[in-house]
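Open the model in your viewer and keep the selection tool at hand. The stops below say what to select and what is there.

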Amino acid sequence: MRAEFRWILLASLVTVGGCGGGDGGTGSIGSGGSGSGGTIGGSWTAGVFPPASSFQNQCANPRTGTDPVTGRRYPDVQGSTLTENNYLRSWTNELYLWYREVPDLNPASYSTPNYFNVLKTTATTPSGNLKDRFHFTYPTDQWVALSQSGVEAGYGAQFLLIASRPPRLVRVAYTEPGSPAAASPANLARGATVLTVDGVDVVNAADSASVAALNEGLFPSQAGASHTFSVLDVGASEPRTFTMVSANVTSTPVQNVGTIGTAAGKVAYMLFNDHLATSEQALVNAFRQLQGTNVADLVLDIRYNGGGYLDIASEAAYMIAGAGPTAGRTFEKTTFNDKHPSRDPVTGQTIVPVPFYTTSQGFSVPDGQALPTLNLPRVVVLTGSNTCSASESIINGLRGVGVQVVQIGSTTCGKPYGYYPQDNCGTTYFSIQFQGVNDQGFGDYPDGFSPANATGPAGVLTPGCAVADDLDHALGDPQESRLAAALGYLANGTCPAASAVPSIAGEAQAPVPGDGSLHRSPWRENRILRR
């Protein structure tokens, strides 16, 4: 990998470990509330914003010594809650994408976390969602350690929280090959329903101690933790019980690569779960495997892909479409607020669009190697509410150069915005600073992308079919509902009847309801650019 790089991260919903604002708890059992600020004292002049740098690193509780992760001395000096709030106020005014929509409130009237929570727009999207639902904070030491790590503690099972509050429903979305979840005695497979963890009832437990036990059991904070599960496998009539020990698990980002014979020719399929550094080699291998098979179409399954490196997304888009529609065109360009029309306000560099990369970028394939291509005029993407950030960039980037994108599944999460994580006084702040746009200058999909026949609130409509996630069939199985609908659409251009999932107690069935949420670190739910 190239030595010089800088992270820019697409805004993500808060999951376990996140602090401060946002929609906390989307990837965990239960959720918590936020407190209210108190009066600290001081004064301010509305509409007057001194440079943020004049308040930076002036901390109420300055850190001392050397950062154990980075090896650098902390820059903190003695300050106050007021100086920390003044920094956030000016920094937001300088960089926030919608700075004109932020109320100018007295920084002396809030504690620091609560002040940051109000430094955002309260406007809504066309569907009624908050326009900025991605505002959050993270302890800096935890964020740095997370962002520099290639592995996560866990079992290698992606648990899908279809209902995170009682009566809960937790099922297995997929497992990582060779992980504790995939190995004996767990032998977990897609669709298994989790009934108890360490004897705690997953469906009905409501007290705080039980919720804490469920979160730690399902999403262990470190390797080596042992927990006992009771699950009901797909097709089984009786549950089974086993113990899993968490480990440091490395994602296998590309799986189930192969072809399916149809009357119209071979259709390729691949499951693409993460835009990690290792994805580069995995994608190159997958496209090389498919390149010699004369495939007529590709079904790219990104229903659980939360994002990652934008350069990987660009490479994937090029390997799908080839040079014909992409040569000399923009994959994605970042646009900041109107104070910064041509220069990146954080790096000071001229804003340069990300192209469709035709060669490897040195993540896990040596830099500069020609990428294989399928030269396809269209691609079918299988999507869901967990399809986010860099995955949505593949959709938007290809649409921007005239490649037809057919969408099967449900509405994507809607994350066209991003930010630079910013540390101050031991807290890293995530405040939206830019929007990504394609070659046509389009990036307005805050409600996501939706199949054309989606019902109810929808995002940007694309050709395709609204189909519920099918957890009773393996990913890549031609009988799995979304893949079956894709094959049917490719064959005759029609969609099946809108499908519904089995109702949860107390909730009515609905065509293609929310897909549930995956518990993932913010690192796996972001768009990352390298300098």
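Select helix α6 and helix α8: α6 passes α8 in a right-handed crossing (right-handed if the near helix is turned clockwise from the far one by less than a right angle, left-handed if anticlockwise). Helices here are DSSP runs of H or I with at least four residues, strands are runs of E with at least two, and both are numbered from the N terminus. This is a predicted model, in which local features need pLDDT of at least 70, side-chain atom pairs count only at pLDDT 80 or more, and totals for chains, interfaces and linings use all residues. Residues are numbered from 1 along each chain as its sequence is written, and side-chain values use heavy atoms, with hydrogens and water left out.

On α6 the contact (heavy atoms within 4.5 Å) is made by Leu-310, Ala-313, Ala-316, Ala-317, Ile-320 and Ala-321, and on α8 by Ala-390, Ser-393, Ile-394 and Leu-398. The axes of α6 (residues 310-321) and α8 (residues 390-399) come within 9 Å and cross at roughly 40°; axes are lines fitted to C-alpha atoms over the stretch in contact, with angles from 0 to 180 degrees between N-to-C directions.

Next, select Phe-242 in strand β11 (residues 240-245). Phe-242 counts as buried, at 5% relative accessibility (buried is under 20% relative accessible area, exposed over 50%, partly exposed in between, with a 1.4 Å probe and protein chains only). Leaving aside residues up to four places away in sequence, Phe-242 touches Pro-185, Ala-186, Leu-188, His-227, Thr-228, Phe-229 and Val-231.

Then select the cysteines. How many disulfides does the structure hold? There are three, a disulfide being a pair of cysteine sulfur atoms within 2.5 Å.

- Cys-59 and Cys-425 are joined with S to S at 2.1 Å. Cys-59 lies in strand β2 and Cys-425 in the loop between β22 and β23, so the pair ties together parts 366 residues apart in sequence. Both Cys-59 and Cys-425 are buried.
- Cys-388 and Cys-413 are joined with S to S at 2.4 Å. Cys-388 is in the loop between β19 and α8, and Cys-413 in the loop between β20 and β21.
- Cys-465 and Cys-495 have sulfur atoms 2.0 Å apart. Cys-465 is buried at 0% relative accessible area, whereas Cys-495 is partly exposed at 32%.
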